[in-house]
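Here's a quick tour of the model shown below. Take a look at it first, then read on.

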Amino acid sequence: MAEVVLSNVNKRYGAVHAVKDVNLTVNDEEFVALVGPSGCGKSTTLRMVAGLEAISGGTISIGGRVVNDLPPKDRDLAMVFQNYALYQHMTVYDNLAFGLRNRKVPEGTIGKEVDRAAGILGITDLLKRKPRQLSGGQQQRVALGRCIVRHPKVFLFDEPLSNLDANLRANMRVELKQLRERVPTTSIYVTHDQVEAMTLGDRVVVMRDGWVQQVGTPLEIYNEPRNLFVAGFMGSPPTNFIDVTVAESDGKLYAEAKNFRVRIPQNRDAALRPYVGRPVTLGIRPEHIVLGEPAPELEAGFDGGINVTEQLGSELLVGITAAGTEIMVSRIDPQQGLTLHESVRLSLNPTHLHFFDRDSEEAIV
Amino acid sequence: MTAATTTHGGSRTPGFFDALAPGGARALFFLSVTAVLFLFAFPVFWLVLTSLKPGWEVFYVHRSTEFTWGNYVDVLQEEIVLNAFINSFVIATAATILSLAVTVSSGYMLSRFRGPIANTWFGTIYLFRCIPYISWVLPLYFVTQWLGIFDSYLGLLLPHIAVHICFFSWIMKGFFDGIDPSMEHAALIDGCTRWGAFRRVALPSAIPGIAALAILCWLWTWNEFLFALILTSHNTPMITVVMAQFVHELGTEWNLMSATAVMTMGPALIITIFGQKYVIKGLRI
């Protein structure tokens, strides 16, 4: 078991700077999820840890040993690939045994280890088959088996569930979580799916354009996004953003826009007072807007017109035009009869307002 | 194919095939296939027929009733024909094995690596590929003379291998392009060196491609005429050239030439029949 430390890691492909000054410590037995849109550098970062990409700058160490110049085989890690990368010409047994045979493990021990891994993943019946005779889910289990059979220091996952259909993906997510409990190992998991990142990661690293945007527990990332990008990327439906101006009246601060005036809670006064008279971006998650009149003392109400409704059965999503922009409201009672173009009164939950600097896009805290 | 697309035409505008009577499209399809097949098969059929006729009947093949194995016996008694068969077989097999050794790794490099070495190699074989086949012959004649390998196995093998590398590296690249590189990455992580990942993972996965290429290489060299004609003489007769020598100043021995041709087709036919799956795969890329 080992911790993985990335210090000022950079990757350049000619003029393209793909990964920029990444600093990250993955603690022993911790599961860290790297999440971000396509091209954000998350897979490249993972491949640098694996040794499949050369590092242009900085250092990567595994278990206290700098591995920059070590080939992948000497880094003592295992990796699951998006397309499983099973050896098509070998049986499942040989796929699992391949890494052990390369390390000259006696055949008897290999047999035991393969049986153990196959037992954990429920693939004992498949050992004699070739990969092409397996379903996507089974192939993914074999790929996981290839990882756990060797007892490596680190597991690396490169979007392992994205080739599976939605149902299977949800099942495999649960299985991965259970596997973590049975085989606790330092893990780095790359995904573009925020649900996977939130549900699997002890900590989540959000990346964009090669930069790390924020590192934190799933709840920290969700509740305290450090910037506009993190607030918008994490969460579904995404955070609503309203362009407002900070105004002061009778010593109280308000966020104002067209047909929109909401009292800024007192505990945010200190942070927002320098912004009086200046435009800022107000972020509010769809579940933190409710239909109906707020308590008068909150001064958090505004009006909007219904644009679209999306019935999900468990909840109703409603798209509303308000404050000169389109906003989404979630967790509405699906039985509630709402008609299109109807005017509704809305109120914000004042404890969940996020404010972002318009220029730097950083959260104002 | 035509039949299938016509019958499942659905809502598109009725075309020529839809105007036919039921089953007409299918009939037309088979008629066309038969016509094309006839076009290719008839000369072969005529060749086989000629090879079974005595010399004086070769111009009356269509109405003669006499059949003989004599042509085959006569041809097989000719030492030059037997030597040519052996030479062609040895050259085709050796050229296939030696060129594959280079072509497989060359194709792999073209598929997987970028950088000055790979780019230079790419440029070189592309350049040679652009040169028309026939214009290689005269320079090669002088080069083999100069090197003292004219009319020898080596003098014929080396040009063949060079041509194979230039032409077939692309096919091999295509095969490797179709093999997921992450399999090799997994092998690297599983404890292989770069060479080990190529040898133990990429190469076994490419066996169908290599088989296809081996067949194409072998057939190419076996059937090749131009190099054989220019770069060999009495010491290394090749079957394609010997066959042509039945045309001489006293006339053309069609019956003997046909018998030799039929026998020459034999190995190629056998390979094509048994390796058909791989040949088609190779030609598709």
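## Two crossing helices

In this predicted model, helix α4 (residues 79-112) of chain B and helix α10 (residues 207-223) of chain B have axes that come within 8 Å and cross at roughly 140°. Axes here are lines fitted to C-alpha atoms over the stretch in contact, with angles running from 0 to 180 degrees between N-to-C directions. That makes α4(B) oblique to α10(B) (under 35 degrees is roughly parallel, over 145 roughly antiparallel, 65 to 115 roughly perpendicular, and the rest oblique).

Who meets whom? On the α4(B) side, the residues include I91(B), A95(B) and L100(B), and on the α10(B) side they include L213(B), C217(B) and W222(B). Contact means C-beta atoms, placed from the backbone, within 7 Å.

## Where the chains touch

The contact draws 13 residues from chain B and 17 residues from chain A. On chain B's side, the largest share, six residues, comes from α8(B). Helices are DSSP runs (H or I, at least four residues) and strands too (E, at least two), numbered from the N terminus.

## Chain B overall

Chain B has 14 helices and two strands. Its C-alpha atoms fill a box of roughly 70 × 70 × 30 Å along the principal axes.

## Reading the model

Residues are numbered from 1 along each chain as its sequence is written, and chains are lettered from A and ligands numbered from 1 in the order in which they are written. As this is a predicted model, local features need pLDDT of at least 70 and side-chain atom pairs count only at pLDDT 80 or more, while totals for chains, interfaces and linings use all residues.

Technical notes. Contact = placed C-beta atoms within 7 Å.
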